[in-house]
Amino acid sequence: MIYFFNNKYFIINSVFYRAIIAFFLSFCIAFILYQKIICWNQKNSMIGEKIRDLGLFGQKEKEGTPTMGGIVMIFSTLIPTILFSTLNNIYVLMLIMTTLYMGCIGLIDDYIKIKHNKKGLSIMGKIFSQILLGIFIGITMYFNTNISSIQKQKIESKNSHFLKKKEYGFNTTIPIFYSIYHNHEFNYAYLLSWYNQKWKKYAWMIYIPIVIGIITFLSNGANLTDGIDGLTAGISSIIFALFSLLSIISSNKIYSFYFHFIYIPHLEEIIIFSFSFLGSLISFLWFNTYPAQIFMGDTGSLTIGGVIATLAIINRKELILPILCGIFFIENISVIMQVLYFRYSKKKYGIGKRVFLMAPLHHHFQKLGYHENKISNRFIIIQMMLSMLVFLLLII
C-alpha cells in the first residue's frame, strides 16, 4: 500500500505498521469525540442514561450520565479500518457488517430506552436479530469459496489413477487433545461421520447452529455484563488484545506451524480491525472507569459481543470462547438460572426464590457490599488469567 505525504510517498508493506497507526488513530478520534459528547451533554442533557431503581449503592448518582458511547466506538473503529485495511477481504467485510448491524440494533435499543421505555428493545427482538447475524456469519464461513478451508479438493492416488475426493465439513481449533487432533484441528463433519460417512456433507447443519448459539450467547453476555463502570470495556480490551495476537500467529505460515495453529490465508487484514477496536475500547475505558463519565449503552455492548464472537469464528477459535469469555458466559448463565429457578420455585412452592441476591452476577457482589470498582478490577484480573490459560491450551 502507498500513502502520500507532502508530495512524497512512503510504502508501508507491513500489516503490523498499519495496525499500529490504526490503533493510535482510533484512540485519538474516540478520545476527542468522547470529550465533546460529555461536554455537550452537560449543557443539553439530551442523551443522559435513565437508571432503573435496583436498590444498589451509588446508583442514583449515575442518573444523567451520557450513553450511546458505542456510536463513537463504532465510528472510531471503522474509520481506521477503511483507511488502512484491504476492503475486498472477506473477513474484513464480515467484521464491518457485524459492527454496523449490531450497532444499529443497539442504537435502536438505546433510543427506545431514552425516549420511550426504560426496558428498551424486547428480549425476543434482540435474540431474533442475533440469530439473523449468526445465520449470515455461519453461511458465509461455510459456503463462501473465498474462504480457504472450505471443502478442499484432496487428490488421492488409487491403482495408478488420480481421483478427486471432496473433503466435507469445516475445520476449527480445539484447545486440547493435541495427541488426538493434529494441530488442535477438529472437523465438524466428524460428529456426523461417527454415525454415517455419507452424512459428512451435511456438517453445515451442525456448524451453523453452533455459530448462531455463540453469537447470541456472547452478544447477550457482553450486554448483561455492562452494568458496572469499566467492566465490559476492561474485559473486552484484554480479549481483543489476545485475538490480535492469535490473528498474527494464524495469518503467518511459520508462526502457525510453530505454535500448532491452523494457517488461515488472507487473515492478516483483520489485525488492523482488531487494533482499531482495541484503540477505541481503551479510549472509552479512559472515561468509563469509576466514576463513569460516559456509558457505551447497548450500542456498544451488543456490538462488542457480536464482534468478539465473529473474530473467534473467523480465527477458527470459537470453541475456546466458553473459557476465554468465561465472565460473559457466567453473567449470562446467572440470569438464566435466576429466572428459571424463580419460576420453578414459584410454581412449586407458591413463592419465588432466587439463587443469587441479584442477577447478573456482578450485582450479586454489589448486594454483598463490595464496591463496584473492586468488583470490576477483580473481574479484569480473572479475565487476564483466563486469557493466559487459553493461550497456554492452544500452544501446548
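At 1% relative accessibility, Y142 is buried (under 20% relative accessible area; exposed is over 50%, partly exposed in between, with a 1.4 Å probe and protein chains only). The model is predicted: local features need pLDDT of at least 70, side-chain atom pairs count only at pLDDT 80 or more, and totals for chains, interfaces and linings use all residues. Residues are numbered from 1 along each chain as its sequence is written, and side-chain values use heavy atoms, leaving out hydrogens and water.

**Aromatic pairs**

- Rings of Phe, Tyr and Trp (its six-membered ring) pair if their centres lie within 6.5 Å; planes under 30 degrees apart count as stacked, over 60 as edge-to-face and the rest as tilted.
- By this rule there are 24 aromatic pairs.
- One of them, F27 with F31, is stacked, at 5.7 Å centre to centre and 25° between the planes.
- F27 and F31 are 4 residues apart in helix 1 (residues 15–44), and therefore about one helical turn apart; helices are DSSP runs of H or I with at least four residues, numbered from the N terminus.
- Y142 and Y207 form a tilted pair, because their ring centres are 5.9 Å apart and their planes at 40°.
- Y142 lies in helix 4 (residues 123–143) and Y207 in helix 6 (residues 204–225), so this pair ties together parts 65 residues apart in sequence.
- Y207 is also buried, at 0% relative accessible area.

**Aromatic cluster**

- Y142 and Y207 belong to one aromatic cluster with F143, F170, F186, Y188, Y190 and W204.
- F143, found in helix 4, is partly exposed at 40% relative accessible area.

Note on methods
Helix = DSSP H or I, 4+ residues; strand = E, 2+ residues; numbered from the N terminus.
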